[in-house]
Amino acid sequence: MATTTATLTLTSPDVTGHSFNMTQVATLTKAASSTGLDEFTGITSRKYASAQTDTVIVADSIYADTTVAHKVYIRNTSTGSSDHILVELEGNIIIGRLYPGDWMFIPYGGTLDVQVTTTATNVSIEYGVFSQSVAS
Amino acid sequence: MARTATTTVSFSLSSSDLLSSSLNISANKELKRAGSKLGLSQTTGLAIKTTSYASAGVIDSTVLFRGDDYTADGANKVYLKNLSSITSEYFTVYLTGSGGTDGGGVTEIGRLYAGDFAFFPWNATGGTKETFIATIANTWAAGDTWEFDGIEITAADSTVANIATLIDECQFPNWVTSRSTAAVTFVARYAQDAGTVATATADITVVTAGDGDSVVSSSTLGTKSLSDIYIKPSVHTEMSLEHMLIHE
C-alpha cells in the first residue's frame, strides 16, 4: 500500500486582524478506506502555443467513479500576473481561474472531464491525478 | 487607500512508495488579486459548518458560498476540509453550474472523505437578480398600509413620494431597494430562476381608505447563480466541515 501525503500551509500576518497560520496534512486514501490511493498519472507539463478552449486534461472515461476519492492537482506555471487558466468540468461548469503560480487540489468524482480554457499564448500548466484503480 | 494583505499558501505532495522512486511536488504562492500585484485582502475567516439531520432520509445539501456575494471572475480561493475521523464519512462538494448532472441543477466536483482537504480557485459567477418597480399611485391617506415580503409600512401622510420613501427605508429580507419620486425599484438579494412568474402587483398588499395603489412594472425574471458551492454530508449524524474563503 502506498502512502501519499498532501500538506497545505496558509500563513498571513494581516489577512485577518490577527496573524494567521494553518497547516493541514492529509494522507490520500481510497474512498471509505484507510488504504492509500494506488494510481498516479505523474505530472504532465504543457506549454500551449495557442489559446485553448475546453481542452481536456483529465478524461473521466479512464477513472472509476461512484465511490472514489481521486484527487486532481493543477498549477498554472506561467510567469507574469495575468495569463490565467480557466478550469472547468465538462459541460461548462466553471470552477475558477488559476493565475500564474496559482494551484489547486480538488477531490474528483471521475464522472466528468476536467477541462481548461486559456486566452493568452504560451500559457504553461502542470497537472496530475492521484486515483484509485477501482471504486470502493 | 485599498486594503491589501500578504497571504502565502504552500502545498506539497510526497510519497516514498507510490512510485519506484520518491515523489515530491511542491508549490508556493502569494495570493494576489486577478491580474494584479495586490494581495487578496478579504476573507471569511476560518470557520466550521456542522451538519446534522433527523434521519438519513432527510439529508439535504447546504449552500456554503453564494456567487452573488462575491466578485466574479477573480482570483478567489476556497479551502475545505472534512474534519470527520470516520473513514466512510464524506462531504460531496457541488457547484451549481449551467447544467447539472446530479439533479436539481448541481454538479459534483468530488467527495471529501475523512481528513481530506481541497484548495481551489472559485469563479463566483452569480446569476441575474429579479427586479421590479413598485410605483405608489392614486389617492392615499395617512394610516393606509402597504405590505410586501413580510414588511408593512403605514403612511404618515397622503404624499405618494413620502410613502415611497418609507418603503425604501425598510430593510427587506429578500430585496434591496432604491427610490425615484414615487417609484421604488426592488432588486432581489439573491439570483434565482423563479420560473415564468415575476413579482406582480397582486403580491403587494395595500389597505387604503381611497384608491391608493402600488403598481408593479418593469419586472425582470432572474436566472440562477452559476457558481454557488453546495456541500452534502454522507450521514445524518453530526459531521463538520472546516472552510475558508479568501477573496477579492
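Select chain B and look at its contacts, meaning heavy atoms within 4.5 Å: of those with a separation of 6 or more, 68% join residues 24 or more positions apart. The model is a predicted one, in which local features need pLDDT of at least 70, side-chain atom pairs count only at pLDDT 80 or more, and totals for chains, interfaces and linings use all residues. Residues are numbered from 1 along each chain as its sequence is written, chains are lettered from A and ligands numbered from 1 in the order in which they are written, and side-chain values use heavy atoms, with hydrogens and water left out.

Chain B has a radius of gyration of 24 Å, well over the 18 Å that the globule rule gives for 248 residues, so it is more spread out than a compact globule; the radius is taken over C-alpha atoms, and the rule is 2.2 Å times the number of residues to the power 0.38.

Next, show chain A as well, and select the 64 residues of chain B that are in contact with 63 residues of chain A. Within chain B, pick out Leu18(B), Phe117(B) and Pro121(B), which supply 12% of the area that chain B buries against chain A, more than any other three residues. Buried area is the accessible area (1.4 Å probe) that two parts lose on being put together, summed over both, and for these two chains about 5100 Å² is buried, 62% of it on carbon and sulfur atoms.
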